[in-house]
Amino acid sequence: MAMEKTFNAAEAEPRLYASWTQAGAFRAGKHVQNDETRSFSIMIPPPNVTGALHVGHAFNNTLQDILIRWHRMRGFDTLWQPGQDHAGIATQLQVEKMLAATGQPGRRNLGRQAFLGKVWEWKGQYGGTIVKQLQRLGCSCDWERNAFTMAGAPGDPRVGHENSPNFHDAVIKVFVEMYRKGLIYRGKRLVNWDPHFETAISDLEVENIEVDGHMWHFKYPLADGKTYTYVEKDADGCVIFEEERDYISIATTRPETMLGDGAVAVHTSDERYAPIVGSFCEIPVGPKEHRRRIPIITDEYPDPTFGSGAVKITGAHDFNDYQVAKRGGIPMYRLMDTRGAMRADGADYAAAAGQAQAFAQGADFTEKTVDVLNLVPDHLRGLDRFEARARVVAEITAEGLAVMTRADDPRLGGKLGADDDPAALVPLVEAKKIMQPFGDRSGVVIEPMLTDQWFVDAEKVVGPALDAVRTGRVKIMPESGEKTYYHWLENIEPWCISRQLWWGHQIPVWFDDAGREYCAATQAEAQEMAGPGVALTRDPDVLDTWFSSGLWPIGTLGWPDDTDELRKYFPTDVLVTGFDILFFWVARMMMMQLAVVDNIPFHTVYLHQLVRDEKGQKMSKTKGNVIDPLEIVDEFGADALRFTMAQMAAIGGVLKLSRERIKGYRNFGTKLWNACRFAEMNDVWQGHATTTTAPMAQATVNRWIIGETGLVREAVDQAMSEYRFNDAANALYAFVWGKVCDWYVEFAKPLLAEGAPERAETQRVMAWVLDQCMILLHPIMPYVTEDLWAQTGTRAAMLAQTEWPSYGAGLVQADAAREMGWVIGLIEEVRSVRAQMHVPAGAYVQLLVTAMDGDAQAAWARNEVLIKRLARIEDLTHVDSFPKGTATIGMGGGTFSLPLADIIDVAEEKARLEKTLGKLGKELGGLRGRLNNPNFVASAPEEVVAETREALAVKEDEEAKLKAAVARLAELG
């Protein structure tokens with residue numbers, strides 16, 4: 001059956017993927033029988049079970065698939081381990097939305113166990129979405145081993161499935177062992193708190209967004225009527241302002257947190273406040289008869305040049321304040337409940353304020369005695385935090401304790417009306433942009449909250465993870481990733497691993513009525529530890545998903561059992577992942593594997609940047625520049641997207657994706673398809689079967705293309721071994737499109753003519769060369785190459801399971817390479833001059849030559865017909881010297897020229913080029929001016945600066961070509 005005119009990706013892709021799956025082509029193991037004895041394994045960064053394929057997934061998984069297919073074809077025993085993360089918050093949110101949309105009882109009405117049953121039902125129905133999408137991309141994971149970070153947990157319907165390791169038991173075992181080694185503990189620390197989900201969340205789940213906000217300035221009266229002389233000086237030490245004050249002023253964007261202040265801090269060097277350091281001031285809110293007094297302290301944190309230089313210290317609700325409070329032994333008072341409302345529990349305000357006052361004056365306190373105090377005044381209890389903010393501001397202002405300023409103070413940011421008095425005093429409330437943290441899932445403002453959580457004592461496990469990179473056991477690419485890795489790990493804080501959710505691995509700790517902890521893998525073991533009859537209650541919290549995914553390499557391979565897979569594929573080889581989770585996941589996998597099994601999880605970490613649009617801007621729905629990879633696959637096919645991803649994958653480079661680029665690489669696939677159809681038309685595939693060795697050849701062009709094939713195989717392998725995916729893709733593009741489809745196919749046409757003596761040889765060579773194109777391209781473009789493979793000969797195996805070649809530069813024959821290099825070079829030079837001079841495309845011109853050496857004469861004689869046809873040369877004429885009006889072409893072995901004076905209007909062409917150069921010069925001046933402006937380089941977005949530099953390089957290249965053309969015109973007179 002004759003080949004179709006074009007490759008139908010929509011029809012072929014599902015058919016080919018099904019055939020790969022049916023043949024077990026992706027199953028872990030060795031698929032090519034050769035002498036290779038090594039294994040190669042990759043752990044997929046597990047996407048959320050709630051996830052849908054985005055361009056980041058597409059890029060990341062394309063690179064992994066390229067590596068796994070390349071190693072599989074080389075005969076390695078390969079495993080690409082797939083799986084999904086249970087995604088605690090995201091999944092719980094999806095199920096709660098589903099319950100609401102379908103009119104079912106909500107989570108709290110259902111209760112924990114019934115709700116978890118609903119989650120497992122949802123997972124069974126929708127959890128495989130991203131698997132199907134990855135398969136559309138062509139990902140060759142061993143899907144029979146598909147793992148899940150909650151596999152084996154209570155309620156899992158797949159418990160006992162032979163290919164589903166009990167991940168849950170592995171997670172619980174690690175927690176228990178680390179707890180018993182003193183590496184996990186429970187403590188009270190400040191965390192990011194999501195009031196919607198009522199849980200702690202990680203920094204990665206916090207989105208900092210610039211919003212319109214306010215900064216209020218308030219007075220904290222000094223206790224007991226104390227006063228001091230407030231003095232401001234200029235840089236020379238001259239007094240510029242002086243007044244007697246009975247207060248210290250602070251500025252805040254969150255007035256409601258003033259209720260929990262433990263101190264006011266000033267910088268240790270700030271002379272303005274030296275007279276009152278150690279004194280007490282009053283918090284200016286709450287019943288006057290119970291106003292709390294807090295100390296004025298010194299610390300390195302306050303910035304004397306910002307605002308008043310004094311800051312309130314609310315250790316339970318601000319990360320910077322938390323550190324100051326820890327250093328200064330300042331009590332940290334929690335003001336809000338889990339939903340972000342002001343606390344309504346505990347003793348009345350008078351009693352709580354009295355106890356807090358005793359602490360401020362030196363009475364002993366503990367975390368527990370402080371935490372039980374509710375310092376929210378009775379009339380504000382139970383209010384939403386933002387409603388409480390408005391009430392606090394109103395009360396302070398009404399009492400006259402807001403800092404006042406003239407109505408025309410520029411800090412107020414407003415314009416005065418015609419009737420407004422600029423000298424009138426108004427409260428100082430600055431309208432300004434502030435960075436506010438939001439939950440990336442909930443969309444609500446995150447509250448720093450002092451809560452009881454479970455922590456990994458990271459300082460105790462970080463050492464081996466640092467050493468593994470320092471000693472080179474693990475390599476992080478690019479090198480800038482290593483610097484970031486060191487910075488994070490050398491300054492590591494305790495890792496909060498508990499979440500106040502229901503969906504997740506429930507923490508294996510039970511408490512008795514006295515609060516004693518019993519950590520065990522099962523309740524029966526905990527009961528045995530506590531003793532018979534002791535009532536136990538299990539901690540309701542679950543583990544952070546980063547804790548379980550930190551065990552991904554060993555957990556998916558069957559640990560703690562000593563499995564064949566664990567022995568064969570661990571440590572894994574390379575982790576391909578985004579730079580943004582270097583700390584959250586990569587570093588934690590390093591720490592966890594080294595702590596649990598005393599081994600590294602992988603030897604190489606390949607980090608990539610965010611995939612951006614063609615202008616280098618971050619993709620977002622609001623900008624309307626999001627590229628949906630599945631839409632791209634529908635329109636252009638998976639191969640085009642995959643090749644685009646590979647081609648832009650420069651190590652550490654900015655990843656810019658455009659539809660035009662993808663369209664261009666679809667055309668690349670079409671080019672190969674057309675070359676194979678051309679071969680079919682010339683009976684190349686008749687009787688063809690796969691051969692591993694290059695055919696013998698006599699014709700120069702055939703010997704040349706065989707050598708070029710050897711060179712590109714070496715180039716691709718070298719690039720792939722160094723993770724230079726872009727270089728591998730570029731080498732294949734230049735070879736397949738340029739040397740094979742453009743040059744070789746054209747050169748081969750006369751050799752394939754009926755009766756040509758080289759016909760049979762050229763058929764064999766062309767079949768072998770096109771086979772090699774399919775093989776070498778297969779890891780990047782699996783679909784079109786597999787389909788071509790099946791249609792073009794007798795095959796012993798599918799292309800996905802065909803052996804990768806080992807030939808190389810040894811196939812190069814120097815004389816053939818030299819001759820064809822000269823022929824191609826001459827054709828390209830002639831074409832370049834014709835294009836620069838605007839010679840009509842269809843016009844045949846004379847080619848003049850003054851001298852040719854023996855090699856050049858022989859090359860011309862053997863390839864005259866091809867050179868004339870491809871360069872549109874009428875004839876070659878030998879002359880003693882070039883006449884006026886010719887454009888010189890310098891070539892090794894001879895000097896040539898094109899007589900163009902009678903073909904083009906030299907004056908008109910020169911005027912056109914000079915006009916174009918003038919316009920280009922203005923554009924270059926603008927680009928250089930921007931880049932030479934330090935303010936532009938320093939303040940413009942990084943992607944804008946990079947885009948400007950790229951534009952300058954392109955314009956400079958264009959200018960050089962135009963100047964060369966003008967110089968050629970000058971030769972023409």
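The largest cavity in this predicted model has a volume of about 50 Å³. A search of the whole structure turns up one cavity of 30 Å³ or more. What lines the largest cavity? The lining is made by Val174, Glu177, Met178, Lys181, Leu183, Ala595 and Val596. By class, that lining has five nonpolar residues, two charged ones and no polar ones.

Two helices each give at least two residues to this lining: helix 7, residues 167–180, and helix 18, residues 582–597. Helix 7 has the largest share, with three residues.

Next, a pair of helices. Helix 2 covers residues 55–73 and helix 20 covers residues 638–647; their axes come within 9 Å and cross at roughly 85 degrees. Angles of 65 to 115 degrees count as roughly perpendicular, so helix 2 and helix 20 are described as roughly perpendicular to each other. On the helix 2 side, the contact is made by Val55, Ala58, Phe59, Thr62, Leu63, Asp65, Ile66 and Arg69. On the helix 20 side, Leu641, Arg642, Met645 and Ala646 take part. Sorted by class, the contact between helix 2 and helix 20 has eight nonpolar residues, one polar residue and three charged residues.

Val206 sits in strand 8, which runs over residues 206–221. Is Val206 buried or exposed? Its relative accessible area is 15%, and the cut-off for buried is under 20%, so Val206 is buried. Setting aside neighbours within four places in sequence, Val206 is in contact with Asn192, Ile201, Pro437, Phe438 and Ile446. For a sense of distance, take Val206 and Glu708: they are 502 residues apart in sequence and 52 Å apart in space, from C-alpha to C-alpha.

The other residue is Ser897. Ser897 is placed in strand 34, residues 894–899. Ser897 counts as buried because its relative accessibility is 0%. Which residues does Ser897 touch, not counting those up to four places away in sequence? Gln846, Leu847 and Leu848 are among them, and so are Phe882, Thr886, Ala887, Thr888 and Ile889.

To go back over the main points: the largest cavity, at about 50 Å³, takes the largest share of its lining from helix 7. Helix 2 and helix 20 cross at roughly 85 degrees. Val206 in strand 8 is buried at 15%, and Ser897 in strand 34 is buried at 0%.

Notes:
Residues are numbered from 1 along each chain as its sequence is written. This is a predicted model: local features need pLDDT of at least 70, side-chain atom pairs count only at pLDDT 80 or more; totals for chains, interfaces and linings use all residues. Side-chain values use heavy atoms; hydrogens and water are left out. Helices (H or I, at least four residues) and strands (E, at least two) are DSSP runs, numbered from the N terminus. Buried means under 20% relative accessible area, exposed over 50%, partly exposed in between (1.4 Å probe, protein chains only). Contact means heavy atoms within 4.5 Å. On a 1 Å grid over the protein atoms alone, a cavity is a set of points where a 1.4 Å probe fits but cannot get out, and a pocket is an open set with protein on both sides within 12 Å along at least five of seven lines; lining residues have an atom within 4 Å of a point. Grid points are joined across faces, edges and corners, and a volume is the space filled by probe spheres set on the points. Ala, Val, Leu, Ile, Met, Phe, Trp, Tyr, Cys and Pro count as nonpolar, Asp, Glu, Lys and Arg as charged, and the others, Gly among them, as polar. Axes are lines fitted to C-alpha atoms, for helices over the stretch in contact, and angles run from 0 to 180 degrees between N-to-C directions. Angles under 35 degrees count as roughly parallel, over 145 as roughly antiparallel, 65 to 115 as roughly perpendicular and the rest as oblique.
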